[in-house]
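I opened this structure to look up a few things and write down what I found. The entries below follow the order in which I looked.

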Amino acid sequence: MTPRTLSVPAASRRQLLVGGAAALGGLVVSGAAAQPAHALTGSPAPAFLRGEGKHGAWSTRTARRWAADTWRSLVAMTDERTGLPADNIEASLAGGDRSGYTSPTNIGGYLWSAVVARELGLISRGECTRRLLQTLRSVDRMEHHTPSGMYYNWYDEATGEALTTWPDSGDTVVPFCSSIDNGWLGAALLVVASADRGAAPLARKVFGRMRWDAFYNDNSDPAHQVRAGGLIHGGFYPKEDGRPGGTYQGTHIGGDPVWLTTHHYDTTVSETRITSYLGILTGQIPARQYFAMWRTFPDTCDWSWPEMKPVGETRTYLGLEVFEGAYTYRGMHVVPGWGGSMFEELMPDVFVDEARWAPRSWGRNHPLHVRAQREHGLLEAKYGFWGFSPASNPAGGYREYGVDALGLNPDGYFSDQEMTNYDPGFGECRPATNATPTFGDGVVTPHAAFLAMMHEPREAFANLARIEHELGAYDRGGFFDAVAVRSGTIARRYLSLDQAMVMGALGNVLAGDVLRKAFSTRSVEKRLRPVLAMEEFGAGLA
């Protein structure tokens, strides 16, 4: 995504939801969820980690209530005429408190959330189809970059018109086609195409005109080389240069040139891999591009600017050498993301059963990342709660939260308001600056714990129940976006992206992986699964 920090009280972030086939009885756990992170140690988790206590025991009724309230917030965000969801809404859930703008990710999240709501019995099959068609008809009419079929980043949710100025400030908006925001819309379209017969033709029409290779730098231009195998641009400006000095004119699909970003997505533990998946499964991007991305940066002194020296070895896939590096944290080797957030690690896992398709890579890393986030919150930082991802800042605006030790970024996605930086040094190349930090006012983000529920359902449930009952970060629209645990300050706002992630995870957990099944059809699995399955990460117990 491309979140934009706004002045208080507005904030920004995309919406997403994910769904599942109705499960009215007990908990359904499949894939990686059957192998919780603590099981990798060979011993059970302590009682307080297993969710024992006043509010901690798993309750399907409670989980379904959370889904119903989350869906209420998404309905409140959605314009009654266009079917387009706002980016965010205040706690009032009043139509007048909608943000005034939306994005392809927000729209995609609402689409798959409607499928989830149907499967959980929150809306009827007929209402689901009606909502999907209303939204898709608006999408079909919306202005976009015709040669690629890609949508701009910002629209007015009340009209569907592309934004030229920001509603809150009047600042100019230059239309931009983001590879990742369009990626989440594309993922949602594939879900709808499989999950709803009435809306499927229109979903296929919109998806069918999207050219993922429009974002793919294949190294054919000598002036703009990237890593062997090619990388995906952050996006492009189709009308004018919106980032002078950070773009160049060109095109990967012929026709008139656009202003391509010089920035490319080059780390695999990132939400951005969904765009790689879409390119590979459509045959528009070669499979080897998946192996062009970093797992970690090299372990040499020339690369000592990140906060930790990785461990690992080099392996070869489809002719590309890949350094299978990992970071060492609390007795685990974990392949890090850029910032160390749950969102980077697990958002694509909502649609692709990565742990099952790739047991030697994602099947190791997903449960270990969840465990690392849990242990950071409960044992290292001693916040008493866990789950860290970009979200509304309880102090106002928007911020990226994460576990610094799980991120490549030396500036970090921090887990507390004080921005406490963890730095154990880079072997003999660079000494540590803060190997044993003391953490301050930690900020937990409920959607991160919901994503973790796909791998540690009972531990995540217990954490969320305590966030609701002990921190009070809950209202008619479900969990508020974030809460600072020591000060008790709550970001009393709902972001459609985060609410969509809540719905997605609940749909997969409660309803037998409904979103994964809708996205990962036989044809998708045939193209994508062999690529993921061949890799072995450096992740595991240290």
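**Entry 1: isoleucine 490**

I started at isoleucine 490, which lies in strand β20 (residues 490-491). The model is a predicted one, and I read every value below as computed from it.

Next I looked up its contacts, leaving aside neighbours within four places in sequence. I noted Pro394, Leu471, Gly472, Ala473, Phe480, Ala482 and Val483. I also looked at asparagine 393, which is 97 residues from isoleucine 490 in sequence. In space the two are 8.4 Å apart, C-alpha to C-alpha.

**Entry 2: the chain as a whole**

I then stepped back to the protein chain. Its secondary structure comes to 15 helices and 22 strands. The chain has 542 residues, and 64% of them are buried. I also looked up how far apart in sequence the contacts reach. Of the contacts with a separation of 6 or more, 72% are between residues 24 or more positions apart.

**Entry 3: aromatic pairs**

How many aromatic pairs does a search of the whole structure find? I recorded 31. I took tryptophan 66 and phenylalanine 479 as one case: their ring centres are 5.3 Å apart and their planes are at 70 degrees, so the pair is edge-to-face. Tryptophan 66 is in helix α2 and phenylalanine 479 in strand β18 (residues 478-479), so this pair ties together parts that are 413 residues apart in sequence. Both tryptophan 66 and phenylalanine 479 are buried.

A second pair I wrote down is tyrosine 290 with phenylalanine 291, also edge-to-face, at 5.1 Å centre to centre and 80 degrees between the planes. Tyrosine 290 and phenylalanine 291 are both buried.

I went back to tryptophan 66 to see what else is grouped with it. Trp58, Trp66, Phe450, Phe461, Tyr474 and Phe479 form one aromatic cluster.

I looked up glutamate 80, in the loop between α2 (60-77) and β1 (88-90). With 59% relative accessibility, glutamate 80 counts as exposed. Which residues does it contact, once neighbours within four places in sequence are left aside? I found Arg98 and Gln134. With arginine 98 there is a polar contact, side chain to side chain, at 3.0 Å. Glutamine 134 is 54 residues from glutamate 80 along the chain, and their C-alpha atoms are separated by 9.3 Å.

I then turned to threonine 105, in helix α3 (residues 104-119). Threonine 105 has a relative accessible area of 0% and is buried. Its side chain makes a polar contact with the side chain of aspartate 181, at 2.6 Å.

**Entry 4: positive phi values**

- Leucine 318 has phi near 50 degrees, a positive value in a residue other than glycine. Leucine 318 is in the loop between β11 (311-317) and β12 (320-329), and with a relative accessible area of 41% it is partly exposed.
- Aspartate 513 has phi near 60 degrees, again positive in a residue other than glycine. Aspartate 513 is in the loop between α13 (496-510) and α14 (514-519), and at 8% relative accessibility it counts as buried.

**Entry 5: cavities**

A search of the whole structure finds 4 cavities of 30 Å³ or more. The largest cavity holds about 60 Å³ of space. What lines the largest cavity? I listed His145, Pro147, Ala214, Phe236, Thr251, His252, Ile253, Gly254, Asp256, Val258 and Leu260. By class, this lining has 6 nonpolar, 4 polar and 1 charged residues.

Technical notes: Residues are numbered from 1 along each chain as its sequence is written. Side-chain values use heavy atoms; hydrogens and water are left out. On a 1 Å grid over the protein atoms alone, a cavity is a set of points where a 1.4 Å probe fits but cannot get out, and a pocket is an open set with protein on both sides within 12 Å along at least five of seven lines; lining residues have an atom within 4 Å of a point. Grid points are joined across faces, edges and corners, and a volume is the space filled by probe spheres set on the points. Ala, Val, Leu, Ile, Met, Phe, Trp, Tyr, Cys and Pro count as nonpolar, Asp, Glu, Lys and Arg as charged, and the others, Gly among them, as polar. Helices (H or I, at least four residues) and strands (E, at least two) are DSSP runs, numbered from the N terminus. Buried means under 20% relative accessible area, exposed over 50%, partly exposed in between (1.4 Å probe, protein chains only). Contact means heavy atoms within 4.5 Å. A polar contact is a pair of N or O atoms within 3.5 Å; within protein, one must be able to donate a hydrogen and the other to accept it, and residues adjacent in sequence count only if both atoms are side-chain atoms. Rings of Phe, Tyr and Trp (its six-membered ring) pair if their centres lie within 6.5 Å; planes under 30 degrees apart count as stacked, over 60 as edge-to-face and the rest as tilted.
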